[in-house]
Amino acid sequence: MKRKLLLIVLLTTISLSSYCQIEFEKGYFINNSNKKTECFIKNSDWYSNPTEFKYKLTQEGNVESADINSVIEFGIGDVTRFIKATVKVDYSSNNVNEMSASKSPEFIEETVFLKVLVAGDASLFIYKNANLTRFFYKRNDTKINPLIYKQYIFKNGFAHNNTYRQQLFVDLKCKELRESNFKSLNYQENDLVPLFIKYNSCKNANFLVYKKPKQKKDVLNFSLRPGICMSNLTISNPSIRHQDTDFGNSTNLRFGAEFEIILPFNNSKWRLLIEPTYQYLKSTKNTISSDIDNPFSYEATINYQSLEMPLGLRHCFFLNDKFLLFANLSYVVDFPFNSNINFTRIFDEKDSGELNIDSSNNLAFGIGLKYNEKYSIELRYQAKRNILGQYGVWNSNLHSTSVILSYKLF
């Protein structure tokens, strides 16, 4: 029941926190009738180009939705701007198993929101989804055209259709741009944006570069994470049931260090975790055997220590400038050492046997609160772990709940 309650608290907290995050920023949208509405738009720092967005007319107002069917443009300051356009999108795959042998792009005409990277005499746009990145451009009031690039199978290897270089060489004529500026031009935002800036500057055109949202300077946080671990262990063996043992609840210390890698999108909300942790469980249980023919008292002692290596994903919910709530999901790889369970008869001191611990991996779920990205506290629940995996006849069930404190060193 306690485990179920913890899971309910975890899910409820995540659901509620999504409504109290400060992430609506001053912006606007223009509907199909060319009516401009000033509002506050939820800045999701979209990795893939969206088809809809959420907004509020005031910071205290209700959350509403708008989509590509009713909106022709929306933006947030000079950070983000999307425009609706019907364009030809090349959906050619770069996956080796699905790659085409044709040099020609595989266009599908679609109406999408294009993200504006540079707006001016020459404008640059980007369209992204989980599987592809495509760039588009236009000059003045001409229509938006795709910049053509395609990787394809050729003979025993790969070749590249780099038509985009010729397109830009022909259309972006300027005394400061030479053929060499285009020959080695990569099909990447970091190469294309400076080229469009240089062209607009050369033409003395008014232009605007839409900057990426400011990311947190640190991309790696390192923290010390001591805590207490409350464990419950039961072991059983159907063939010798008189040695079934419930070790009950035990409380021990744990010592860990966390490497938190901040991913460069979605406003630093997603993070990867690596958390090497030393943990131990020491407990003794005196039990009367269930052997009716030869009952005896025995002492079961567990000495279990290991290096855990949780590999996880964290999602953060920013409550304000100082506090954030987070939720973790981790896959815990366990490396036990010098660990065993001993059974000893109490009165005749006859050794009844020893079991070496060889544990399995398990999942861990956690929720916590951070202050100033420096201090945090986390409540973590680890699902069932079998610590007697090498013995086919023995069953074991180890659950644990931890309270973890954290202090960021850098």
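The model is predicted, so local features need pLDDT of at least 70 and side-chain atom pairs count only at pLDDT 80 or more, while totals for chains, interfaces and linings use all residues. Residues are numbered from 1 along each chain as its sequence is written, and side-chain values use heavy atoms, with hydrogens and water left out.

Here's the overall picture of the protein chain.

| Property | Value |
|---|---|
| Secondary structure | 4 helices and 23 strands |
| Buried residues | 45% of the 410 residues |
| Accessible surface | about 21,900 Å², 54% of it from carbon and sulfur atoms |

Helices (H or I, at least four residues) and strands (E, at least two) are DSSP runs, numbered from the N terminus. Buried means under 20% relative accessible area, exposed over 50%, partly exposed in between (1.4 Å probe, protein chains only). Areas come from the Shrake-Rupley method with a 1.4 Å probe; for residues, only the protein chains shown count as cover.

Now for Asn162, which sits in the loop between β12 (157-161) and α2 (163-171). Is Asn162 buried or partly exposed? At 25% relative accessibility, Asn162 is partly exposed. Leaving aside residues up to four places away in sequence, Asn162 touches Ile148 and Tyr149, where contact means heavy atoms within 4.5 Å.

Then there's helix α4 (residues 189-202), with 14 residues. Its buried residues include Leu192, Phe196 and Cys202, and the buried residues of α4 pack against elements including β7 (107-119), α2 and α3 (180-183). Just after α4, Asn204 takes a positive phi of about 55°.

Definitions and conventions
Expected span 1.5 Å × (residues − 1).
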